[in-house]
Amino acid sequence: MAQDRVEAVERALSVLEVFDTPQDSFSLAELADATGFYKSTLLRLLASLERFDYTQRGEDGRWRIGGAPVRLARRHAPSRDLAALIQPLLDGLARQLGDTASLLEVTAGVVHCRLAALPDQSLRHDLVPGSQWPLRDTDTPAPALAGGIMVCRRLPLEGRHELWLALSGPEGRLDTQAAATRLDEAVTQLIDQRDTQGRRA
């Protein structure tokens with residue numbers, strides 16, 4: 001209801017909505033153009049958001065999304081039941097193959113990393129939950145990786161967003177054929193586990 005609105009909160013949320021884009025950072029002028037707020041108003045809002053780590057100001061003076069939204073997103077996307085199934089699998093893939101394993105979600109032309117497991121390697125693809133990039137190809141959510149490669153397999157889960165399992169790492173080390181085979185096995189394993197849980201429920 002209208003009387004329940006808190007204008008300052010809605011303004012702050014309007015600022016956060018601007019960051020829902022592949023663009024990595026924004027100047028104060030760009031944020032003012034996007035929101036229609038005065039720069040003085042924006043600075044006050046951004047200062048409060050920064051205090052709770054919803055935004056961060058870089059040394060270049062540009063504003064970026066902070067760690068708090070990523071932390072909250074880890075709790076709710078994907079569902080905890082799905083995360084409980086997939087995270088151990090990702091951990092196993094990273095440990096066995098020595099490459100980064102991840103769960104990716106594609107929404108509105110943007111790829112989001114939802115879960116990840118990093119190998120015990122100094123040279124690796126440092127992918128963490130909350131990372132995102134523009135979708136370049138509808139056939140794969142893989143980003144352009146300088147000196148690296150990503151192999152992806154879609155998860156055929158009904159009633160969910162578009163989800164993919166992925167393995168990524170240095171181009172000279174990642175065996176794409178072995179990665180594809182292991183991902184196919186992982187997809188089958190996940191479907192079997194989900195169906196088993198469904199029958200028990």
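This is a short tour of a predicted model, stop by stop. Residues are numbered from 1 along each chain as its sequence is written. Local features need pLDDT of at least 70 and side-chain atom pairs count only at pLDDT 80 or more, while totals for chains use all residues; side-chain values use heavy atoms, without hydrogens and water.

**Whole chain.** Colour by secondary structure: there are 6 helices and 7 strands, DSSP runs numbered from the N terminus (helices H or I, at least four residues; strands E, at least two). Starting at the N terminus, the order is α-α-α-β-β-α-α-β-β-β-β-β-α. Of the 201 residues, 39% are buried (under 20% relative accessible area; exposed is over 50%, partly exposed in between; 1.4 Å probe, protein chains only).

**Arg-114 and Glu-105.** Select this pair to see one of 9 salt bridges (a side-chain nitrogen of Lys or Arg within 4 Å of a carboxyl oxygen of Asp or Glu). The closest N and O atoms are 2.6 Å apart. Arg-114 is buried at 17% relative accessible area, and Glu-105 is buried at 6%.

**Asp-184 and Arg-153.** Next, select this salt bridge, 2.8 Å from N to O. Asp-184 sits in helix H6 (residues 176-200) and Arg-153 in strand S6 (residues 148-155), so the pair, 31 residues apart, links distant parts of the chain. Both are partly exposed: Asp-184 at 38%, Arg-153 at 29%.

**Arg-182 and Glu-185.** Stay on helix H6, where these two lie 3 residues apart, about one turn of the helix. Arg-182 is buried at 18%; Glu-185 is partly exposed at 44%.
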